[in-house]
Amino acid sequence: MNFRRIFLVKCLLLLFPSVKCSITNWIYKAVNESALLSTATAGGDVYEVTWLRDKKKLLQLKDKNVKYYVNKSQCRCKLFLNGTLQIERVVKEDSGNYTVTVYQQDGKLKAEQDTEFIVLEPVPQPILSAECINKIVSVKCEVKQKIKNETFIIELTHGESKKIQKNGTSLELHMRYSGMFKCAIKNQVSEKTAEKVITCSGQLDLYLIISIAGGAVFFVIFVTLLIYCIRKKKTERLEDEDEEEMMQARQVHSEMVARELPQPPCDPTPKQLRVQQRPLPQPHVQQQAGPPRPRPRTQQRTPNQPRDRP
């Protein structure tokens, strides 16, 4: 709706109330919503207002009395004293060209306005699919449920790239970059989207490169800490073993020194005295019979000379 044009017409009507005008507006509403179709006249009550749909009279307000030319329950419409038409729980059959004429009390035409009123169904949920062909990402956005006599606007977005198609049911996008793709199906009353991260093998986008680099850095840090902990444990174990060996060596040295020290004398007990007085058993050595030794030659004894008797 062009509000500038309406404002200009209202200003002209205030200055020149007898001026005739014809304005065409476009109003879109979704099914089951309520719609308000207003006139281009100034605010306040009017004397006579007539609404037509597709050149057929719908209802009329004259001197604050409303007259229906159609079944009131089927119309689901109501007319206010300022000439505004309200339609509740709109259906697609309510779509059409609505014409309103406003007359002054003296019978002169005050304003005339045409409005294109269109009732639309909400758009269906889009389906986003993709495949990789020779490292090329082929993305497709489509609508399976086509609503009769309605057109959609399809937008397929990847980063700063966008492809738009009007009055279609499917849209394809081919590129060499992976990442987040967004498909949007919309019309004048509703919009639905679908998003998906698509990655082809052999391609590395920025996020994937950062993830791999971060993982490699984390792995290097982990391995470094693991090696440091293993070496530290090994060093501590060797130090404990060296300390234990030194303690054992000191203990052995102390025992050897204690053995070499002279024992202090002590008084023997009677039993020890008896043991000491006993002769030690002589070992019995069996002499081997050897060859007979030559007997030494006996020296001839000189005959004793007789001693003189006194």
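This report describes the disulfides and one surface patch of a predicted model.

Residues are numbered from 1 along each chain as its sequence is written, and side-chain values use heavy atoms, with hydrogens and water left out. Because the model is predicted, local features need pLDDT of at least 70 and side-chain atom pairs count only at pLDDT 80 or more, while totals for chains, interfaces and linings use all residues.

**Disulfides**

A disulfide is a pair of cysteine sulfur atoms within 2.5 Å, and by this rule the count comes to two.

| Disulfide | Sulfur–sulfur distance |
|---|---|
| Cysteine 75 and cysteine 77 | 1.5 Å |
| Cysteine 141 and cysteine 183 | 1.4 Å |

Strands (E, at least two residues) and helices (H or I, at least four) are DSSP runs, numbered from the N terminus.

For cysteine 75 and cysteine 77, the torsion about the S-S bond is about 105°, so this disulfide is right-handed.

Buried means under 20% relative accessible area, exposed over 50%, and partly exposed in between (1.4 Å probe, protein chains only). Cysteine 75 is buried at 9%, as is cysteine 77 at 7%. Cysteine 141 is buried at 0%, and cysteine 183 is buried at 0%. Cysteine 229, at 43%, is partly exposed.

**Surface patch**

A nonpolar patch on the surface is formed by Phe218, Phe222, Leu226 and Ile230, with about 440 Å² of accessible area together. Accessible areas come from the Shrake-Rupley method with a 1.4 Å probe, and for residues only the protein chains shown count as cover. Patches are made of residues with over 30% relative accessible area and no salt bridge; like charges are joined within 9 Å, and nonpolar side chains (Val, Leu, Ile, Met, Phe, Trp, Tyr) within 5 Å. A salt bridge is a side-chain nitrogen of Lys or Arg within 4 Å of a carboxyl oxygen of Asp or Glu. Phenylalanine 222 is found in helix α3 (residues 206–260) and is partly exposed, with a relative accessible area of 47%.
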